[in-house]
Amino acid sequence: MRRHSKKEEVSTHIISALVLNNPGVLQRIAGLFTRRGYNISSITVGTTETPSIARMTIVVKGNDKILEQVVKQLNKLIEVIKVSDLDVDKCIKRELCLIKIHTPDESSKSQIIQYTNVFRGKIVDLSPESLTVEITGNSDKINAFIELVRSFGIKEMARTGLTALMRGPKVLKSKKS
Amino acid sequence: MRGAEAFIKALEYEGVKVIFGYPGGALLPFYDALYDSDLIHILTRHEQGAAHAADGYARVSGKVGVCVGTSGPGATNLVTGVATAYADSSPLVAITGQVPTRLIGNDAFQEIDALGIFMPIVKHNFQIRRSKDIPGTVRAAFEIAKTGRPGPVHIDLPKDVQEEEFNIESNPIPAKIDLPGYKPTVKGHPKQIKMAVNAIIAAERPVIIAGGGVNIANGTEELVKLAELCAIPVCTTLMGKGSFPEEHPLALGMVGMHGTKPANYAVSECDLLIAIGCRFSDRITGDIRSFAPYAKVIHIDIDPAEIGKNVDVDIPIVGDAKLVMRDIISSLLKSCRTGEKVLNNQGREEWLKYLESLKRSSIPKMDYDHTPIKPQRIVKELMDVIQELKLKDKFIITTDVGQNQMWMAHYFKVHLPRTFISSGGLGTMGFGLPAAIGAKIARPEAKVVCVTGDGGFMMNIQELGTIADYGIPVVICIFDNRTLGMVYQWQNLFYRGRQCSVTFGESPDFVKVAKGYGIKAQRVTDPSDIKEVLKEALLSDEPYLIDFVIDPSEGLPMVPPGEKLKNIIEPVKAYPKEKIPSFQEIKKKLLGDSRERSVSKDIPQDFTSPVEREMY
C-alpha cells in the first residue's frame, strides 16, 4: 500500500509574497484563500523598495499538504511574482499594536508608563483619562503586554498583524531579475 | 482612431477570425468598430450560448475562443460559460462591456462588478481604464489564455475607454509582453524523466491515465508511441477521450465513476500509474484512499498545483505533456535500444493478457431491439454510420451533461483528439448545443453531431435560432426520455427510489419546435429506423434535429461516489412514477396553506402584539 507521507499536524506558517501592486490584487489573494478554504490568521500588505511591487505577509494555519497547496495556488496567480513559506525560526517577525488604556489617575498612569518601558514600548498619546501605547514585537510579546494591562481597562486597540523578513543576506527575488 | 477600433485591431493581431457575442449599450462603440472590420461575429441568442460556442471553438481548434457580452446582465450571463471553460482548461478571452469609468461604483444602469464576479473563475482578468493600455492588455490576455495550462481570461472594457481617442503610432501593439509573475514550466526536469523511465522499465503492471492535458498539448502521437513502445495499456478520463484511439488494442476506455471494467480494474491493480495531464478528480478516483493502492505514481502535468493535490505522487514531472512524453520516449530508446527489454518483462505479458481477457468478457450489449429505444443502440448505430459513410476523420461529437454524456463516454469509441467535446469539470447542462455551433465554425468541413438529453437541450434551446439564422449544419440527436436521467438514477439507487422533481411532461414537441425555427426534424421511435435517419441527417448539408424517444428506465453502470473503483454496480431498472402536479393543485395547496396558517394551532389565540407573534 502506498503511504501518505505528508505530515498531518497543523502548524502556523508565515508566507511572504511579492505581488504586483495592481488594484484588485488583495481581493484576488483573499478570494483564493476563501475559495479553497484556507485559514488566514492575518494578512499585511505594503509597498517595497520597488514601487510597482508590494509585499504581502500572510499568516496561515494548516498541515504540510495544505501549505504546499497554498504556495502553489498563490504561485499560479499571474500577479504574484514570488512566494515563500518562511522558516518560522529563521526570520524576523514583527507586529505593531496601538492600545488606548483607561488611566483616570496618576498612579495608573505611572504604572502603565513603567510597564511600557519594560516592554520597550512608547507612549504616543496622553489625555486626562487615557493613555495610548505603541508596542512592537512578535505576537507573544504583544499578547503578554495586553494581558498585563487588561485589568486597567482597554478602551480601544489596533493590531497590524504580522510582517516578516528572512534573516541573513538571502532575499525574496522576483523571477525576472 | 478610437479605443474600440484599437481593440478590434488587437484582436486581429492575435489571429482572431470569429467572435461569438451579444451586443448592448456598453458595447455600442465596440460593435460600431466591428462594422468596419473583417471579423466574423456570430450573434447568439443568449450570452451563455456565446461563451459555450467560443469554448467549443477553442476545444476543437486549439485556438483562443472569443466571446463578448455587454455590462451587467450580459456579463453575468457569460459567467456559466466562462466557468465551464475554466474547469476544463479551455483557452477563452471573454470581453464584457462596462459603464463609463466615471460611473463605475455609482450603481449605474447595467453596472456590475464584473472584475469581482469573474475573478474566481478565470485564469486572470483585467479592466482597461485607459485606451493606451488596450494593445498590451489584449496581448497579455491571449498569451495567458493559451500558454501553460490554458484557461479563460476576462477583459472588462468601459464604454468611455472604447470611445477614447487612441494613437496607434505612440501605442503600437507590443510583440512581446512582460509578465514577471507568469513563467509556465513546459520542459520536464531531466532527473525526474530519468526516474520515470526507470520506473517504466521496472514495472510489471503499468497503466496510463491520459487526461485532457494530452488533448490540449496535442500529444496523441507521443502517447501512442509511448504506449506501443512499452506495451502499456491506456485508459482516459472524460476530458482525455480522443487523446488515444479507442479502437487500439491497448485502449481500455474511460476510467472512473462511469468507467469501463477493464479501465477501473487496471487502475486498481497496477503497480505503476502514469497519469498524464489529468487532475485526479473525485469522478476518476472514487475513494481516494483505496485508489491505485499498489501503484507507484508518476504524475505529469503542466500545473504544479495539480501535483500532489488529490493523490500522493512518487515521481512528479511538471511540464507540457507532449514535450515530457517526447523526452521520456527518447530516454527510453537510449536505455533499451529497441524497447525489447521493456517487452521481455514476463509480468507485463501476463498483465496484458489479463486485461485482454477482462476486455473480452465485458463487451457491452448494444444491439437492443427494444421499443422504446435503448440509448446503447443509438450509440452503436452512430458508430456504424460513421464507419459506413467513412466519416472517421471528419467527425466531431459534442455532448451535453448527464446520462447522454455518459452513454457516449462509456460506449462511443473516439478515434481522434479534439473530436469529443464535453463539459467535464463543471458539468454544465446546456453546453452541447452551443458548443456544437463553435465546433462547426472551427472545422466547417467536419460533420458535427450534438448528442444531448431533453433537459440539457432545453437549457439552451434558444440557440436553435442561431443555428437556423446562419444555417449552421449541425446534427442534433436528442436522447429524449423526459427525465433528468442522472438525478433520477441516483434517486433510484441511493434515495430509495423517491423520485423528486426529475420528470418532464410531454411538451414541447421537439420536432415542431425545430420546424418552428425552420430546421429539418424527425422523431424516431423504432430502433430499425435509427440508421436511415442518422444517415439522412449526416448527408444533408442543413441543420437537422432527431428526437430519439428512449427508454426512461435505462441507466448506466456506475461506481457509487466515494467507493472503490472496482465496485461497479448496475442501475436499477425503474420507470418514472413521479406525478407532475397541475397548477390547480398547486393553487389549492397555496391557498389552503395560508388559510391554515392564520388559524395555526401552534400560536396561542389570545396574544395581541405583532412582535410577540413573530416570536412563534
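Colleague: Where does UniProt put "domain: ACT" in chain A?

Modeller: The record, an unreviewed entry, has "domain: ACT" covering residues 14-88 of chain A. Keep in mind that what we're looking at is a predicted model. In this model, that span is 33% helix and 44% strand, and its end C-alpha atoms lie 7 Å apart.

Colleague: How is chain A itself divided into domains?

Modeller: Domain 1 takes in residues 11-86 and domain 2 takes in residues 92-163. Going by C-alpha atoms, the centres of domain 1 and domain 2 of chain A are separated by 29 Å.

Colleague: What makes you say these two domains are in contact, and how many residues does each give?

Modeller: The test is whether C-beta atoms from the two sides lie within 7 Å. Six residues from domain 1 of chain A and five residues from domain 2 of chain A make up the contact. On the domain 1 side, the elements giving two or more residues are strand 2 (39-47) and strand 3 (53-62) of chain A. Strand 2 of chain A gives the most, with three residues. By class, that side of domain 1 has three nonpolar, three polar and no charged residues.

Colleague: And between the chains, how many residues does the contact take?

Modeller: Chain B puts in 18 residues and chain A puts in 22 residues. The chain B side splits into eleven nonpolar, four polar and three charged residues.

Colleague: Which domains does the record give for chain B?

Modeller: UniProt lists "domain: Thiamine pyrophosphate enzyme central" at residues 193-327 of chain B. That span is 34% helix and 20% strand, with its end C-alpha atoms 7 Å apart. UniProt also places "domain: Thiamine pyrophosphate enzyme TPP-binding" at residues 400-548 of chain B. There the end C-alpha atoms lie 15 Å apart, and the make-up is 40% helix and 17% strand.

Colleague: Where is B:Gly253, and which residues does it contact?

Modeller: B:Gly253 is in strand 9 (residues 251-254) of chain B. Leaving aside neighbours within four places in sequence, its contacts are B:Cys235, B:Glu246, B:Gly259, B:Thr260, B:Pro262 and B:Ala263. As for B:Lys359, it is 106 residues away from B:Gly253 along the chain, yet their C-alpha atoms are separated by 9.6 Å.

Colleague: What makes helix 18 of chain B "mostly covered"?

Modeller: Helix 18 (residues 432-442) of chain B has eleven residues, and eleven of them are buried. Among them are B:Gly432, B:Pro434 and B:Lys440.

Colleague: And what about strand 15 of chain B?

Modeller: Strand 15 (residues 447-453) of chain B is also mostly covered, with seven of its seven residues buried. B:Lys447, B:Val449, B:Val451 and B:Gly453 point one way, while B:Val448, B:Cys450 and B:Thr452 point the other way.

Colleague: Why do we say that strand 13 and strand 15 of chain B pair?

Modeller: Pairing needs at least two bridges. Strand 13 and strand 15 of chain B share five bridges, so they qualify, and they run in the parallel sense. One example is B:Thr398, which stands opposite B:Cys450 in strand 15. Strand 13 (residues 395-399) is also joined to strand 14 of chain B by two bridges, with B:Ile397 standing opposite B:Phe420. On to strand 16 (residues 474-480): six bridges join it to strand 15 of chain B, and B:Gly453 stands opposite B:Phe479.

Colleague: What is the order of the strands in the sheet, and which are the edge strands?

Modeller: The order is 14-13-15-16-18-17 in chain B, an open sheet of six strands with parallel pairing. Strand 14 (420-421) and strand 17 (520-524) of chain B each pair on one side only, so they are the edge strands.

Colleague: Last one: which residues touch the most other members of the largest nonpolar core?

Modeller: In that core of 200 residues, they are B:Cys67, B:Val82, B:Val93, B:Val234, B:Val267, B:Leu273 and B:Cys477. Not counting residues up to four places away, B:Cys477 touches B:Ile378, B:Val449, B:Cys450, B:Val451, B:Ile546 and B:Phe548. There's also a second, separate core of ten residues, including A:Ile101 and A:Leu131.

Note on methods: Residues numbered from 1 in each chain as written. Chains lettered and ligands numbered in written order. Predicted model: local features only at pLDDT ≥ 70, side-chain atom pairs only at ≥ 80, totals over all residues. Core = buried A, V, L, I, M, F, W, Y, C linked by C-beta atoms within 7 Å. Buried ≥ 20, exposed ≤ 12 C-beta atoms within 10 Å, placed from the backbone. UniProt positions renumbered as here; feature names shortened; annotations may be inferred. Helix = DSSP H or I, 4+ residues; strand = E, 2+ residues; numbered from the N terminus. Nonpolar A, V, L, I, M, F, W, Y, C, P; charged D, E, K, R; others polar. Domains from an automatic or database assignment.
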